[in-house]
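Have the structure open and follow along.

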Amino acid sequence: DQETCQRILSSLAVIACRHSVCLTEEHIAQINNQLIVWLRNASTVSAPNPYAGRQLFSSSKQPAPVKEIDGSASRDFFTVLSVGQYYSGDQWLNIQGFSMLRSWMLRTFPPGSFVLGGSRIPTVAASPYMSTTSSRTPSTRR
């Protein structure tokens, strides 16, 4: 169920941000694989209008393809830059997964741990304004 997956993804984002020590390498690998599926396999057609009532005689109208930002039809992938009239559950998972991707990677992969083709890829340290721990102190007004 797409709605359940969206709730689980939100919960995983919170766990990764606040309690990342609770996640084992196996958990991280499974979540990474699921994120890959959600990012790669979102449909490239717009969802049907959820506000239209069921029609007794359905017209054979084909679903409209989602469009790229330049207005051309999206052929291969749905991305967060794709524009559709209505979005399906798998497209929302794609958007939500992409939205949490940076914070997920910063919290689950130590700096310098990215390897591509046997070569270590240098990573940029997190900004000092971006907290990598959950210790926040309330600000006081003067």
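Let's start with serine 10, which sits in helix α1. This is a predicted model, so treat every value here as computed from it. Serine 10 has a relative accessible area of 36%, so it falls between the buried cut-off of under 20% and the exposed cut-off of over 50% and counts as partly exposed.

**The overall layout**

Zooming out, the protein chain has three helices and two strands. Reading from the N terminus, the order is α-α-α-β-β. The chain has 142 residues, and 21% of them are buried.

**The core**

Which residues make up the largest nonpolar core? There are twelve: Leu9, Leu12, Ala13, Ala16, Leu23, Ile28, Ile31, Leu35, Trp38, Leu93, Met100 and Trp104. The elements that put in two or more residues each are α1 (2-18), α2 (25-40) and α3 (89-108). As a general point, nonpolar side chains in soluble globular proteins tend to be buried together.

Setting aside residues up to four places away in sequence, methionine 100 touches Leu9, Ala13 and Leu35.

**Where α2 meets α3**

Now turn to the pair α2 and α3. Their axes are 9 Å apart and the packing angle is about 145 degrees. The crossing is left-handed. On the α2 side, the contact is made by Ile28, Ile31, Asn32, Leu35, Trp38 and Leu39. On the α3 side, the residues are Leu93, Asn94, Gly97, Phe98, Met100, Leu101, Trp104 and Thr108. By type, this contact comes to ten nonpolar residues, four polar and no charged.

Beyond its neighbours within four places in sequence, asparagine 94 is in contact with Trp38, Leu39, Ala42, Phe78, Thr79 and Val80.

Phenylalanine 98 also belongs to helix α3. With 46% relative accessibility, phenylalanine 98 counts as partly exposed. Leaving out neighbours within four places in sequence, its contacts are Leu39 and Val80. Leu39 and Val80 are also among the contacts of asparagine 94.

Methionine 105 is another residue of helix α3, and at 30% relative accessibility it is partly exposed.

| Pair | Separation in sequence | C-alpha to C-alpha distance |
|---|---|---|
| Methionine 105 and alanine 16 | 89 residues | 9.5 Å |
| Phenylalanine 98 and isoleucine 36 | 62 residues | 9.9 Å |

Two names in the table bring us back to the core: methionine 100 and alanine 16 are both listed among its twelve residues.

Conventions. Residues numbered from 1 in each chain as written. Predicted model: local features only at pLDDT ≥ 70, side-chain atom pairs only at ≥ 80, totals over all residues. Heavy atoms only, no water. Core = buried A, V, L, I, M, F, W, Y, C linked by side-chain atoms within 4.5 Å. Buried < 20%, exposed > 50% of the residue type's maximum accessible area, 1.4 Å probe, protein only. Helix = DSSP H or I, 4+ residues; strand = E, 2+ residues; numbered from the N terminus. Contact = heavy atoms within 4.5 Å. Axes fitted to C-alpha atoms, helices over the stretch in contact; angles between N-to-C directions. Left-handed = near helix turned anticlockwise from the far one by under 90°. Nonpolar A, V, L, I, M, F, W, Y, C, P; charged D, E, K, R; others polar.
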